[in-house]
Amino acid sequence: MKTTGECRYRQAIPKGSGGLLDIDSNYGFRKQFLPQGNRRYTPIRQPTAQKVITEKVSEGPITVILIGSHTNFALFLMSNPHLKHNIQHIYVMGGGVRSRNPTGCCPANSTAEQCQPRQCGNRGNLFTDYTSNPYAEFNMFLDPFAAYQVFHSGVPVTLVPLDATNTIPINKQFFETFENNQRTYEAQYVFLSLKIARDTWFDAEFYQSYFMWDSFTAGVAVSIMRNSVKNNNTNGENDFAEMEYMNITVVTSNKPYGKSDGSNPFFDKRKTPKFNLTLGGVHSGHVQNGLRDPICIPKSGKGRCKDGYTQETSGPDSVRVLVAKRAKPNVNIESKLDREFYVDFLEVLNKPGETGRFNFSSQFPYYKEELFRPDLSKTHLGKPVVFDMDMSAGDFLSLFYLLKVPVEKIDLKAIIVNPTGWANAATIDVVYDLLHMMGRDDIPVGLGDLFALNQSDPIFPPVGDCKYIKAVPQGCGGFLDSDTLYGFARDLPRSPRR
């Protein structure tokens, strides 16, 4: 769901080699971890994202990390302006400011007959249809108006855009180093997730086109917060990314503004614009209608629509945002890993502390009945954080990373699940199971609004829209079930909270 009330872009679940689950439902390789009996999809009574966010923000000062669509948090901000003062900082993964997409480029010595560049040099990364919108990044494109509300909320924002994440791919050297450094069970879990992502990637350029989008953002946020303990750290000093303040905004509609063409749900057929917006303002232009909106696709040249573009600008509509420009190189020039965060990521995942429970016979004798809630009453807790994620593999890497950071540094207060096409009411089970095995049943989970999916795009089948609801009565074998993240949910202990 997005702030306009409908679905802009969603990932459908095409038929994969193992049935009806694809790379975003993670195939079911969780079977390799722990035995699990037959499971059935059953609806769960789940606190909403708004309820969980409101409760945690009401408790006092808190930091928010957003690595998916901004819908949940934007709705909270618009509904609870009296609580905004408790939000100290917002960290965002998304957008592209000065970025140049490194994927889909042709070899330097190739001819036009041999190679046609796809999205090479674009600001955005909508590989599904860059011909209509070469400017947007996925998270921003899902709900541009929501992202606009977050950036223009008055709360300090640190943005980790494609500018930075494009400089830290899962390259072959990192992948092979990770393959040989799996000293904890959670490191094995994460590596296997990356391995299947690589083995099922849509082209042969995984090492050049799959980046540490979400986990890098988590690392930058943790490092900035760690360095803020002794000082204000207004310049975002951290170990992993070079930073710069930029004046930006989020494009929500296209010029000319104020002209109704039936595309804008905030204004069209309304006596009063939604959210009391101003006719003729930046939100009142043409809104991209589908990935192949003909208005967005010129006969020649780049796509003309910019919905979701984090555009560098000036004037009254700009916001001063701290932006990560690029990943820092490894200070150890003799290391095989050329980025500082590569080293930290592997060290954090392989730390023996904050490890999970994975041995089914010795650690889970009563796993269905027992809750694991750590006694933190005598612990000096770190920065309180709400983590807003979707259900992609990269988001789970980030969640593992945050759970492995000592609670004395980061106190993870709540998780908000933002369904963007590979999540439904059952997929939140995966988050419950992950928290259960990591011994953190104390962390509440809020479920955002959701849509089911439909494969309706004839050119790129994995892209769908929201024409109808696809029910999944039994789970296993349906289009969507509780087995996201390559099916991990099937065979790791089920949390008693489910």
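1. As for solvent, Lys-269 counts as exposed, with 89% relative accessibility. Keep in mind throughout that this is a predicted model.

2. For background, most peptide bonds are trans, and most residues other than glycine have a negative phi. I'd have a look at both spots in the viewer.

3. Where does Glu-354 lie? Glu-354 is in the loop between helix H10 (340–349) and helix H11 (360–363). Here too phi is positive, at about 55 degrees, although Glu-354 is not a glycine. Glu-354 is partly exposed, with a relative accessible area of 34%.

4. Two packed helices are described by the angle between their axes and the distance between the axes. Helix H7 (residues 185–199) and helix H12 (residues 393–404) have axes that come within 10 Å and cross at roughly 165 degrees. With angles over 145 degrees counted as roughly antiparallel, that makes H7 roughly antiparallel to H12. The crossing of this pair is left-handed. On the H7 side the contact is made by Glu-186, Tyr-189, Val-190, Ser-193 and Leu-194, and on the H12 side by Ala-393, Leu-397, Phe-400 and Lys-404. Sorted by class, the contact of H7 with H12 has six nonpolar, one polar and two charged residues.

5. H12 has another partner in H10. How are H10 and H12 oriented, roughly parallel or roughly perpendicular to each other? Their axes come within 9 Å and cross at roughly 65 degrees, and angles of 65 to 115 degrees count as roughly perpendicular, so H10 and H12 are roughly perpendicular to each other. The crossing of H10 and H12 is left-handed. H10 brings Phe-341, Asp-344, Phe-345, Val-348 and Leu-349 to the contact, while H12 brings Leu-397, Phe-400, Tyr-401 and Lys-404. The class count for H10 with H12 is seven nonpolar, no polar and two charged residues.

6. Met-225 lies in helix H9 (residues 213–227), and at 3% relative accessibility it counts as buried. Which residues does Met-225 touch, not counting those up to four places away in sequence? They are Thr-63, Ile-65, Tyr-91, Lys-383, Val-385 and Ile-410. The C-alpha atom of Met-225 is also separated by 8.2 Å from that of Lys-409, 184 residues apart along the chain.

7. Finally, the overall numbers. The protein has 14 helices and 12 strands. Of its 498 residues, 57% count as buried. Among contacts between residues at least 6 apart in sequence, 78% join residues at least 24 apart. The protein exposes about 21,000 Å², with carbon and sulfur atoms supplying 50% of it.

Notes. Residues are numbered from 1 along each chain as its sequence is written. This is a predicted model: local features need pLDDT of at least 70, side-chain atom pairs count only at pLDDT 80 or more; totals for chains, interfaces and linings use all residues. Side-chain values use heavy atoms; hydrogens and water are left out. Axes are lines fitted to C-alpha atoms, for helices over the stretch in contact, and angles run from 0 to 180 degrees between N-to-C directions. Helices (H or I, at least four residues) and strands (E, at least two) are DSSP runs, numbered from the N terminus. Angles under 35 degrees count as roughly parallel, over 145 as roughly antiparallel, 65 to 115 as roughly perpendicular and the rest as oblique. A crossing is left-handed if the near helix is turned anticlockwise from the far one by less than a right angle, and right-handed if clockwise. Contact means heavy atoms within 4.5 Å. Ala, Val, Leu, Ile, Met, Phe, Trp, Tyr, Cys and Pro count as nonpolar, Asp, Glu, Lys and Arg as charged, and the others, Gly among them, as polar. Buried means under 20% relative accessible area, exposed over 50%, partly exposed in between (1.4 Å probe, protein chains only). Accessible areas come from the Shrake-Rupley method with a 1.4 Å probe; for residues, only the protein chains shown count as cover.
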